[in-house]
Every structure is written in structure tokens, then in C-alpha cells.
Amino acid sequence: MSAVPLRNNKAAAVSAVRTVTVLGATGSIGDSTMDLLRGARDRYRVEALTANSNVEGLAKLAKEFGARFAAIADPARLSELKDALAGTRIECGAGESAIIEAAARPADWVMAAVSGAAGLKPALAAVDRGATVALANKECLVCAGDIFMERAKKAGACILPADSEHNALFQALASGNREELTRVIITASGGPFRTWAPADIEQATLEQALKHPNWSMGQKITIDSASMMNKGLEVIEASYLFALTPDEIDVLVHPQSIIHGMVEFSDRSVVAQLGTPDMRIPIAHCLGWPDRVVGPSAKLDLAKIGQLTFETPDFERFPGLRLAYEALRMGHGATTVYNAANEIAVAAFIAGKIKFGAIARLVEATMNDWIRSGNQPPLRSADDAISVDHIARNKAAALLPQIALKAT
């Protein structure tokens, strides 16, 4: 049985009260998840919550929802967390081991929303005990897709895609069988620079990159959306999640962000999932699956929207998308390198060390160095993937000064 159920059949009864754990409870995805839980307290009980460094937010949520365990990723903040939870019965911990412990605790459903490669081991801890995992962390699949999906299948875990695009594909795939599929189409808003000239994109400021036209997201993912690196990560994620080849995945720019994904079948029928640009919609689908929950999102009013438009993505404006396809075809850890170099590049852009256009150049230079090195063994474990991630980060950091000086 696949770790991702390709038909949304109600194969198993859902318990009256579902226990949940939210990894990354204070981030944008976590915030949307907690909002949904807030509206359905009779259906869900919170087992554990985690956060990166937001002690105040984590403690507030843990007390509000009566969590049994709370963990902060920053080990230096443990005493603060203990003080904030004083007088409660909530257990707490800090550091990577505590985040993994949170994921390993007996919750029926786990939201995996810890950003970056740091989210891999906690998500695997939930997978290995056969939990239902709502996956909002792209890096789990980009860094270690084969490993992640194989372990999920072995443990009998159910992986539900929580990203809007992959959740849309998941819903649309229920209209046919895998062997009837010809391609999937992931939509992209095009971000704030959709119509900008490449020379202008090169000089874009942080403030401009953070002005997404449709979505309200965290800083890193918003910059990734502006560069379309985020869409590249989604292409890679879709490949592993649904066992698709690069040629079976297309990207279509759709500025209104109403259609989130489409699936084309062998009879040329195309099934699409539509909804307002609100992350609570795909999260609600995962939270209620195999049933549906009543969500607070706005009703879709197509008459008010008036029109839906589409464009072919421009690889000249957005070379990061081209690089994602190249990494996927290369294999042997290239997608891990792609992600790691991008994280270094985005951090450098935020710090003002490189221009916006240099993000893709640093990723490409790091990928090329990885290929030239010939050090491309198959990834057999999470530790292998993390090792490649560290190597790529170090190489990207070493290449950073020369990329910063290089003109377009």
C-alpha cells in the first residue's frame, strides 16, 4: 500500500477524538493549524507542540490547548520555557532530541511544519511509528524523498500533503487511477516579479521580494516564491510524493491563485482543485481526512473574481525553476544540494550580502561543483541526506563571496 493514498477512499474509521501534534506550532502553517483546532475542540486533543525559538507563543498555545508536551528547538531557551509553563502539568524539553520526542509521542495525526532540513528527523520519527503525517515541510522530500517515502510505506504511515499545490493534486488524483494519469500541473502565482524584466529582478530589494500578491507566509517561503525556487521545490516534492517523473510534472503560472493544481488523465480529462488562497483549506482537508471538516475560509466567488488567466513560466526570469528540473533529473543527492544552497543564498540575501538575482546563481554554482566533485553516492539513510546537506551548505558558503561579486 502506498504511503500516499491516491484515491481518497474512506478505508478506515476515524476515532471520535483524534490526538494531534503540531511540529512548528508558532509558524505560519502552525498558526493556521491551531486556528482550525480552535474551532473544533470537541474533535481534537493536542498531544504535543513545538516551536523554534518563540517561547512565549509556544507556552501560550500549550496552555490554551492543554498540550501534554511542549518542546523548543533552541536548547538555550529551556529555562524560559519551564518558567512560562510553571504551575501546569505540561512536560517540556529543548533541542533536537526534544523535537524528535514530540514527534514520537502517541498522536494519531502530526503536522510536520518545521522548516528546513531540521524538519527531517522529527517527521521521520512520526512516520516510523505509523502515524498520519500532514507534510508541510518540503525539505523532507527534497532532501531525502526516496528514504522518506520508503520508510513511510514500511511503517504503514499515511502521508497527507498539506501544501496547497500538492493537496490539490491529491484531491484531483482521486478522480482516476495512477496508470491513467498522463501529467500533473502545479500552478504558481508568479510572485511579485512575474512581469518584471530580468535586469530589474536582479536588483530587487528585500522589501519588494516580501510583497507577495496573494499569500501571507513566512519570510523564507515568501522570498522563495518571489524567485520561484519554491515552485522548484514543489516540483521535486511532487515527484517523490506521487512517484512521478520530471516529464509528468508541469508548472503553469496562474496569477489569481484560485486553481492550485490539476491532473490530466489518459482520456484528456483535466480535473482541477479550486479554492481561495488560504492555507487553512488544504490543512483542513488533511486534518479531517478521510472526512471533511467545516472550515472558516471565505467562500469561493468566481463571479466576483471574473477571470482566471494562465501563462507559461519564464525560465529566464526564474532560473531557479529550471535548476529544480535539472536537479531532479541528476538524482544522487542533487535535489538535496539544490535545497541547501538555496537556504544559504536566501539567508545571504536577507542579510544584504548578495543581490536577489544572485540567489539562483549561487544554487547553480553549488550544484555544478557537486557534479564536478564526482562525490555522488546514493543516499541510503537520513544521516546520508543530512551529510550531503552539510557539505552543500559549506560549499555554498565558500562560493558566496565570488558569486556576490559576479555581475549578471
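Asn230 is found in helix H11 (residues 229-242); helices here are DSSP runs of H or I with at least four residues, strands are E runs of at least two, and both are numbered from the N terminus. Asn230 is buried, with a relative accessible area of 8%. Buried means under 20% relative accessible area, exposed over 50%, and partly exposed in between, using a 1.4 Å probe and protein chains only. Leaving aside neighbours within four places in sequence, Asn230 is in contact with Lys138, Ile221, Asp224 and Ser225, where contact means heavy atoms within 4.5 Å.

Before going further, a word on the model: it is predicted, local features need pLDDT of at least 70, side-chain atom pairs count only at pLDDT 80 or more, and totals for chains, interfaces and linings use all residues. Residues are numbered from 1 along each chain as its sequence is written, and side-chain values use heavy atoms, with hydrogens and water left out.

Ser189 lies in the loop between strand S8 (181-188) and helix H8 (198-202), and at 10% relative accessibility it counts as buried. Not counting residues up to four places away in sequence, Ser189 touches Arg194, His212, Asn214, Ser225, Val253, His254, Pro255 and Ser257. A polar atom of the Ser189 side chain lies 2.9 Å from the backbone nitrogen of Gly191.

Strand S8 leads us into an open sheet of four strands, ordered S9-S8-S10-S11 with mixed pairing; two strands pair if DSSP finds at least two bridges between them. Strand S9 (249-253) and strand S11 (270-274) stand at the edges with a single partner strand each, so one side of each is left without a neighbour in the sheet. The twist averages 20° from one strand to the next. S8 and S9 run parallel and are joined by five bridges, and Ala188 has Val253 in S9 as its bridge partner. S10 and S11, by contrast, run antiparallel, again with five bridges, and Glu264 is partnered by Val270 in S11. Their hairpin has four residues between the strands, and in it Arg268 takes a positive phi near 75°.

Which strands of this sheet does helix H7 touch? Helix H7 (residues 164-173) packs on the sheet against S8, strand S10 (259-265) and S11, and its direction makes about 35° with that of S10. Such angles run from 0 to 180 degrees between N-to-C directions, with axes as lines fitted to C-alpha atoms, for helices over the stretch in contact. H7 is mostly covered, with ten of its ten residues buried. Those buried residues pack against strand S7 (158-161), S8, H11, S10, S11 and helix H12 (280-288).

Strand S7 takes us to another sheet, an open one of seven strands in the order S4-S3-S2-S1-S5-S6-S7, with parallel pairing. Strand S4 (91-94) and S7 stand at its edges, each with a single partner strand, so one side of each lacks a neighbour in the sheet. Neighbouring strands are turned by 20° against each other on average, direction ignored. Four bridges join strand S2 (residues 44-51) to strand S3 (residues 69-72), and Ala51 stands opposite Ile72 in S3.

Helix H1 lies across strand S1 (18-23), S2 and strand S5 (109-112), running at about 160° to S1. Within H1 (residues 28-38) we find Ser32, which is buried at a relative accessible area of 13%. Ser32 touches Met279, Arg280 and Ile283, not counting residues up to four places away in sequence. Ser32 and Ile283 are 251 residues apart in sequence, yet 7.7 Å apart in space, C-alpha to C-alpha.

Finally, the core. In soluble globular proteins, nonpolar side chains tend to be buried together. A nonpolar core here is a set of buried Ala, Val, Leu, Ile, Met, Phe, Trp, Tyr and Cys residues joined through side-chain atoms within 4.5 Å. The largest one has 132 residues, of which Leu49, Met111, Phe148, Tyr338 and Phe356 touch the most other members. Phe148 has contacts that include Leu120, Ala123, Leu124 and Ile159.

Terms used: Polar contact = N/O pair within 3.5 Å; in protein donor to acceptor, adjacent residues only side chain to side chain.
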